[in-house]
Amino acid sequence: MTDLIGLITQFHWAVLAAVATGAICPLLGVYFIMRRIVLLGIALPQVSSAGIAFVIMVAQLVKLQFLSPGASPFLDEAMIVSLAPFGSIGAIFLILFILTWLEGRGGPFTEARWGSTYIIAVSLLIIFLVINPYAEAHVGTMLEGRIITVTQTRFWTLLAVSIVVAILFILFRKEFILTSFDPGMAFSLGLRTTRWNAGLYILLGIVISVSVMNLGPLFVFGYLLLPPFAARPWAVGMKQFYLYSVALGALAAFLGSVISFWLDWPLAPTEVITAALFLPISRVAMLFRYTISRARTAPVSQ
Amino acid sequence: MTMGGSENNRGLTNVVRLEAVSLGYGGKPVVEDVTLDVHRGSCLGILGPNGMGKTTLIWGIIGILKPMKGKIIWNRKADHSRSMRIGYIPQKERLDPAFPLTNLEVVQMGTFAERPWSPWLRPVQRRSALKALERVGMRHLSGMLFSECSGGQRQRVLFARALASKPDIFILDEPTTGIDLTTRRQLINLLSELHKDHNITILLVSQHFGPLRDLFDEVIWVQGGRAVMGPAAQLLSEEYIARAFGGFKNSEFEAIN
């Protein structure tokens, strides 16, 4: 027990980063469930990873081209950390721009586009990692989501971005919900759905970019999807849906960190499995509630 | 291609005017060369068989679809959002049950235009939404999930949402499809009351015009890419329909009547 508390204390920035991301991802993730765009949710973290791998590959190849004799061929950590956001955000915004533009043109193949985005991103990621001779040394750490390496600076950056995104999301939630639920009504009130969709995608893009850099694509997709999915049957009204999703996400992220340190399992997969455990718990609890409410309303036999 | 009276020759004010408008998808027109006026305070039925472009026409009027040709003018302006409020009631099947919205939340959407840049709803907006729910007999279910309501209840909630938006014009897309007879009668009575007592302009799309026939002042027939407008009494007669659409059989007429 003392060891466990010691580990949590030692890696408290990692735990805090997991909890912060565990809270912000479900807040936006509710839209992946409601708008049935889960495939886009899988694709975007991979796009972010491919973007990171791309810029680091280019920097590495440039460095090798101009490498002085005897100098280290490795990119230094500061350079990787400063380049990664450009790759991540650049790739996500490029893809979102293309997808939003295609969405504005209409057509029945939206899901096929997201699926294509996913498979192209994964393939490019593998190719970039193969081309970069030193990828394993530094890019792998970032892409696998070694949460344990999160530093104080990275945590505060992550938190600041999460807070700004959450505030913007709260300020414009009315528009996001209306344009998502009933685009026709939104249009009749003068809202331009393409612009509001783009706004929602930008917020998603920012959160996914920053989160993937710190916690990896596995954690990010897991927390975009699982907490809102577990919370959905309990939600009566949007406020409840947001609150339950965020609370479940933060709780699962904290419990996942504890379980990971306790069992000495890798953090990201353990966090995801912990969040996934809430799915059967949620369903069983719902069944239990339903059974009790039926028993209460059933007529008493003579 | 046809012909509502203009403001000048009939002395009526137009709420919406379509001038030689063509609308469609992916470069293919569904309705072509439509010219018509929707007069303030009128009740206009957009009728015709399924898949002929009735919804396309109202999507053009709302602004969801941009005209491929021609222009649409709302209250003499090129942008309806600056000139009038539209109370739009879509086909209820288009609204996804994945959203855990309560009936009150759905109706409150109708009040968003009152304070478009405020993220918070004022108590008066909530009261207005509750009042609208009460008017359609759904106040007692305000906290229920919209997705758990029956077809008729959903339609009433959407009606309340349109009421809450205090519209200059109601646009309803197939409001009587898939709902029980009692609810249908209630909705028609409510529409009739709004139209006659409050002089609200109504644009109603339907493929079954029988129960709505007494409501309409004018009718637009949409079929085969054409739209023909005229007085309801004239255009809803079997003789006129057969003549105008040549080949429109009695059995088809009966099916939609």
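**Interface and salt bridges**

Reply: The contact (heavy atoms within 4.5 Å) takes 35 residues from chain B and 29 residues from chain A. This is a predicted model: local features need pLDDT of at least 70, side-chain atom pairs count only at pLDDT 80 or more, and totals for chains, interfaces and linings use all residues. Residues are numbered from 1 along each chain as its sequence is written, chains are lettered from A and ligands numbered from 1 in the order in which they are written, and side-chain values use heavy atoms, with hydrogens and water left out.

Me: How much area do chain B and chain A bury between them?

Reply: Buried area is the accessible area (1.4 Å probe) that two parts lose on being put together, summed over both. Carbon and sulfur atoms account for 66% of it here. The total for chain B and chain A is about 2,800 Å².

Me: How many salt bridges does the rule find across the interface of chain B and chain A?

Reply: A salt bridge is a side-chain nitrogen of Lys or Arg within 4 Å of a carboxyl oxygen of Asp or Glu. Over all chains the structure holds six. Across the interface of chain B and chain A, the number is two.

Me: Are A:Asp182 and B:Arg161 buried or exposed?

Reply: A:Asp182 forms a salt bridge with B:Arg161, their closest N and O atoms being 2.5 Å apart. The pair crosses between chains, from the loop between helix 8 (173–181) and helix 9 (183–188) of chain A to helix 5 (residues 151–164) of chain B; helices (H or I, at least four residues) are DSSP runs, numbered from the N terminus. A:Asp182 and B:Arg161 are both buried.

Me: How many residues apart are B:Glu193 and B:Arg135?

Reply: Their side chains meet in a salt bridge (2.8 Å, N to O). B:Glu193 lies in helix 6 (residues 181–198) of chain B and B:Arg135 in helix 4 (residues 123–135), so the pair links distant parts of the chain. The separation is 58 residues.

Me: What share of the 257 residues in chain B is buried?

Reply: Chain B exposes about 11,000 Å² (Shrake-Rupley method, 1.4 Å probe; for residues, only the protein chains shown count as cover). Buried residues make up 57%.

Technical notes
Buried < 20%, exposed > 50% of the residue type's maximum accessible area, 1.4 Å probe, protein only. Helix = DSSP H or I, 4+ residues; strand = E, 2+ residues; numbered from the N terminus.
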